[in-house]
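This report describes selected local features of one protein chain.

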Amino acid sequence: MVDRADIYIPFIERSLVALAEGGSLGFICADRWMKNRYGGLLRHLVADRFHLRIYVDMVDTPAFRSDVIAYPAITIISRETPGATRIAHRPAIDRATLAVLADALLARTLPKDVGLVRELARVTNGSEPWLLGSSDQMALIRRLEKQFPRLEEVGCKVGIGVATGADKAYIGDFDTLDVEHDRKLPLVTTKDIVSGEVQWRGQGVINPFADGGGLVELGNYPRLRRYLEARREVIAGRHCARKTQANWYRTIDRITPALALRPKLLIPDIKGDAHIVFESGKLYPHHNLYYVTSDEWDLRALQAVLLSAVTSLFMVTYSTKMRGGFIRFQAQYLRRIRIPQWENVSTTLRTELAEAATKRDIQACNRAAFQLFGLGNEERSLLGGNGE
C-alpha cells in the first residue's frame, strides 16, 4: 500500500499469493492500478511471478447497473510462466457477442477469424504501466521513448498548484481579502481558463509563508492575524494543522510567490482532451491545475507540442480514463511525455510551433509536431492523419 493506494490493491495481492501453481484469479475491478503510480509494486509482482492471461477493457461499456466514476477492467492472472496476453476492448453487452468473446478468450489457440480478441506480447514489464492499446501505437510510443528524452530532462518542470486544505478560508476575492498586501497572491483556477485563454475572475489566496522559509510571525502582520483567528476553527481543524499545532495556519502546500511571476502552461487535472493554456506570469495556480515551466523551451512552442496528437497518444496510453471519456492529466503522466532538446529544434520549426499555439490551431500544432518527431506517413495516420 503506497502513494494513496486504493484498498483493492491488498485484496488483489493477497488473492494472487494464495493461488496454487496453475491457479487463476479473475477480478472485475477499477483499471487505475494498471497504469498509475500506486499500482507499481503490484504490477511488479505480477510481472515477476504470474501471467497476465486476459485483459478486457470496459471503458464506455455499461458493466454495472449504476454509473461508476472509474471504468472497470476484467483481468485473469495465473500462477504460471508468463506469456502473451489476450486483449479485448469495449465489447458489446449482448448474449451473442459475449458468448463468442468468451470462447475466443479461453480457446487453446486464438481463432484467426475472431476480430474481438488479439494477443499482445510483453505487456508486463516490472513496475512499468501496462500498455494495452493497438500494437502499432505501442510501437510508436516505444520508438519515441527510445529516441527522445523525458519532458523534465530537457529543462521543463512539472508541478501542481497549491492545496490549502480549507479553500473557503484561504481563498476569496483578491481585492477584499483583509490582509496585508504581501500576504496574498492572485490565484488562477480551472474556471479562469475554460475558454483556452486566461480570463482571471479576481480570486486570491492567502500566503502564510515567509520568503526565507517557514511561516511568518503573526505578530508582525496584525491584519493577517485577525483574518486567520476569525477562521481558526476551520483552519486548525485540518489534519495537517492537528499534526503540528504550532503551525496551525499553514496551507497544506508551501506557497512560493516567485511561481506566480513565472510564465507557465496550465493544465486542468481532468479533461476530455488536451487543454493547455499559456499564463504570462501574473497568477498563482490552484491545486486543480498542473503547470509546466521551462528555462530552455519557449513555452508557446511547448504549448503546441502538448496540444498535438503526439502528446494525446502519450496521455491516452498512460493515463486512466474516467466516466464521460475524461483523461487524468496528472504530473505522473505528463512527465512521461518525450520531447527533443530545444537546441535541436530548427529556427523555422520553432516559429511554426509558436504561431500554431498562439492561434490555437490544432491542425497546425499537429503538422509542426509530426515534423518535430520525424513521423512518417504511417505513423501520422495512427494519430489521425497528416495534420491537414
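## Local geometry and packing

Asp3 counts as partly exposed, because its relative accessibility is 39%. The model is predicted, and this residue belongs to the segment before helix 1 (8-17). Asp3 is not a glycine, yet its phi is positive, at about 55°. Arg4 also lies in the segment before helix 1, and it too has a positive phi, of about 60°, although it is not a glycine. With a relative accessible area of 83%, Arg4 is exposed; the cut-off for this class is over 50%.

Aromatic contacts come next. A pair of aromatic rings is described by the distance of the centres and the angle of the planes.

| Pair | Centre to centre | Angle between planes | Class |
|---|---|---|---|
| Phe148 and Phe373 | 5.2 Å | 85° | edge-to-face |
| Trp297 and Trp342 | 4.8 Å | 55° | tilted |

The pair of Phe148 and Phe373 links distant parts of the chain, 225 residues apart. Phe148 sits in the loop between helix 4 (135-147) and strand 6 (156-160), while Phe373 sits in the loop between helix 13 and helix 14 (377-382). Phe148 and Phe373 are both buried.

For Trp297 and Trp342, the planes stand at 55°, so the pair is tilted; planes over 60 degrees apart would count as edge-to-face.

The last topic is a helix pair. Two packed helices are described by the angle between their axes and the distance between the axes. Helix 12 (residues 347-358) and helix 13 (residues 362-372) have axes that come within 8 Å and cross at roughly 150°. Helix 12 is therefore roughly antiparallel to helix 13, since angles over 145 degrees fall in that class. The crossing of helix 12 past helix 13 is left-handed.

On the helix 12 side, the contact involves Leu349, Glu352, Leu353, Ala356 and Ala357. These meet Ala364, Cys365, Ala368, Ala369, Gln371 and Leu372 in helix 13. By residue class, the contact of helix 12 with helix 13 comprises nine nonpolar residues, one polar and one charged.

How values were computed. Residues are numbered from 1 along each chain as its sequence is written. This is a predicted model: local features need pLDDT of at least 70, side-chain atom pairs count only at pLDDT 80 or more; totals for chains, interfaces and linings use all residues. Side-chain values use heavy atoms; hydrogens and water are left out. Axes are lines fitted to C-alpha atoms, for helices over the stretch in contact, and angles run from 0 to 180 degrees between N-to-C directions. Helices (H or I, at least four residues) and strands (E, at least two) are DSSP runs, numbered from the N terminus. Angles under 35 degrees count as roughly parallel, over 145 as roughly antiparallel, 65 to 115 as roughly perpendicular and the rest as oblique. A crossing is left-handed if the near helix is turned anticlockwise from the far one by less than a right angle, and right-handed if clockwise. Contact means heavy atoms within 4.5 Å. Ala, Val, Leu, Ile, Met, Phe, Trp, Tyr, Cys and Pro count as nonpolar, Asp, Glu, Lys and Arg as charged, and the others, Gly among them, as polar. Rings of Phe, Tyr and Trp (its six-membered ring) pair if their centres lie within 6.5 Å; planes under 30 degrees apart count as stacked, over 60 as edge-to-face and the rest as tilted. Buried means under 20% relative accessible area, exposed over 50%, partly exposed in between (1.4 Å probe, protein chains only).
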